[in-house]
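Student: I'd like to go through this model with you, one feature at a time. Can you show me how to read it?

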Amino acid sequence: MSSLDVPVAAKRAASQTTPSKPRRSLSTRWISALTLATLLLVWWAVTAAEWIEPLFLPSPEAVLSKAWLLLTQGYMESTLWQHLGASLQRIGLALAAAIVTAIPIGIAIGHNRIARGILDPLIEFYRPIPPLAYLPLIVIWCGIGELSKVLLIYLAIFAPIAIATATGVRTVDPTKLRAAQSLGATRWQLIRHVILPSALPDILTGVRIGLGVGWSTLVAAELIAATSGLGFMVQSAAQFLVTDVVVLGILVIALIAFALEMGLRALQRKLVPWHGQSH
Amino acid sequence: MALLQLERISAQYPGAAEPVLADINLSLGPQQLLVALGPSGSGKTSLLNLIAGFVAPSSGRITLDGVPVQGPGAERGVVFQDDALLPWQDVLANVAFGLELAGVPRAKRESKAREMLALVDLADFASRRIWQLSGGQKQRVGLARALAADPRVLLMDEPFGALDAFTREQMQELLLQVWQRTAKPVFLITHDIEEAVFLATELVLLAPNPGQIVERLQLDFGQRYSAGEPARSIKSDPRFIETREHVLARVFSQRSAATRQESA
């Protein structure tokens, strides 16, 4: 009897400790929320007290009312939605192209010795170059149209996804491969049913990193050569010292990046629920 | 009926001076449960990998029903020590995986998978996720998965090695029931002496440096269990204990010989 009591007591002890965990994570969130609220309050206070010229830092109300103006009337012949749409379309196209090409290439690098020999040095060569360093070359080759911007972002996203996929493929559990082989899997079935799902957590991490790099590259590219987009909006507003539009643009850029990251984390939880459950 | 034959098999890892296995002859036919027992380093796992086709022998011939074994294939099902199940599939899809690879339509493969789950007493677990199962349940799913593909022989690589003693005994009895019902030849490797003596119809004892068969025993304890005798009464039978002690003595005599060789 006593040997049976032990696990029950242990379980009871475990169930007593669990409520404290959510409470702790909640308080962390509260700290973050308080930090943001304090920052906003300081911003409002210094502008309301007129310690700083509106040219350098406009008040929160001014930025908000400008946001309303931009949403309804627009800036530089486009509304905020159109600028945002232009940016999102560029990164969306580049991301789609990168996913379609980088995942098969990553699988080839991880799976095949010859493909690794050919592609690995190429990717490792261009990956550390800041995208803005080769933007002039792309502009010479492809002009200043949409193509060169999408191409630049595509190149920035491609490398992290390809490298993460190759890593994921190389770390597939060999026992799972053997198990599938002994059930009669062909080479293609191994890739489709074992290698690809095994590498999915790494691929999604690659997409997260790639999107982060791609988004900053996009904004930077729009600062240099564009007639629409969030980066263009911030850049042209800065030239006319319209500081509230600059601040607004920066806030929107930050919000989009945050939303993309959160969305991908949610996707990761949904697509790979087994990740981190391996026992 | 299936007949697996190994003729004068040797195996050597590239770059290694000594072969892992030397001159192994074995045959595995219907109604047989062949157990290979040996300490680590005696080439048990290499032997199973050769039969499964994961590695090729350096010399000798392996045939299944007269056809030479070349690479892994569905006619030789394998149950692994670590479960090797696919966590992105639920239990039912894992069991049906071999049939899916063979292109069997969904309804048909799922009904077959349910049948196999019932065979290993996991009928209610079809929609569970893999990480919600205990170690013993995972091994049962692994067994059901191997059986669902309807292999001609079943190879088991220390299938119960990672389980606790209580679960291991249950699994041994379950294996005997499944073996009895499916009538498939089974090749099982283990380092657990009692398990080997209890399960085997033929027990081969392997010794290391290089891996070779030093003794073959014909046993009937598993058949007695299948005929209805309780496991506990078999394991407390003086004949069982005598056989176990005999095998134990052989394993220890090899080990002391090996240590003498090393110190010399």
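**Reading the model together**

Student: Where does UniProt place the feature "domain: ABC transporter" in chain B?

Tutor: The unreviewed UniProt entry puts it at residues 4-233 of chain B; positions follow the numbering used here, feature names are shortened, and annotations may be inferred rather than shown by experiment. Before we go on: this is a predicted model, where local features need pLDDT of at least 70 and side-chain atom pairs count only at pLDDT 80 or more, while totals for chains, interfaces and linings use all residues. Residues are numbered from 1 along each chain as its sequence is written, with chains lettered from A and ligands numbered from 1 in the order in which they are written.

Student: What is the helix and strand content over residues 4-233 of chain B?

Tutor: Helices (H or I, at least four residues) and strands (E, at least two) are DSSP runs, numbered from the N terminus. That stretch is 35% helix and 24% strand, with its end C-alpha atoms 33 Å apart. Chain B as a whole has 10 helices and 10 strands.

Student: How do I read the open sheet of 4 strands in chain B?

Tutor: In general, strands of a sheet pair through backbone hydrogen bonds, either parallel or antiparallel. Two strands count as paired if DSSP finds at least two bridges between them. Here the order is E2-E1-E4-E5 in chain B, and the pairing is antiparallel. Strand E2 (21-28) and strand E5 (67-68) of chain B are the edges, each pairing on one side only.

Student: Which strands does helix H1 of chain B lie across?

Tutor: Helix H1 (residues 44-52) lies across strand E1 (4-11), E2 and E4 of chain B, at about 125° to E1(B). Axes are lines fitted to C-alpha atoms, for helices over the stretch in contact, and angles run from 0 to 180 degrees between N-to-C directions.

Student: Which side of chain B touches chain A, and what is it made of?

Tutor: Two residues are in contact if their C-beta atoms, placed from the backbone, lie within 7 Å. By that rule, 20 residues of chain B meet 14 residues of chain A. Strand E6 (76-79) and helix H3 (97-101) of chain B each supply at least two residues of that side. By class, chain B's side has 15 nonpolar, 3 polar and 2 charged residues; Ala, Val, Leu, Ile, Met, Phe, Trp, Tyr, Cys and Pro count as nonpolar, Asp, Glu, Lys and Arg as charged, and the others, Gly among them, as polar.

Student: Where is Asp23(B), and why does Asp23(B) count as buried, exposed or partly exposed?

Tutor: A residue is buried if 20 or more other C-beta atoms lie within 10 Å of its own, exposed if 12 or fewer, and partly exposed in between, with C-beta atoms placed from the backbone. Asp23(B) sits in strand E2 of chain B and is partly exposed because it has 15 C-beta neighbours inside 10 Å. Its phi is positive, about 55°, although it is not a glycine.

Student: Is the peptide bond from Asn209(B) to Pro210(B) cis or trans?

Tutor: That bond is cis, with omega near -15°. Pro210(B) is in the loop between strand E9 (202-207) and strand E10 (212-218) of chain B. Asn209(B) lies in the loop between E9 and E10 too, and has a positive phi of about 55° although it is not a glycine. Asn209(B) is partly exposed because 17 C-beta neighbours fall inside 10 Å.
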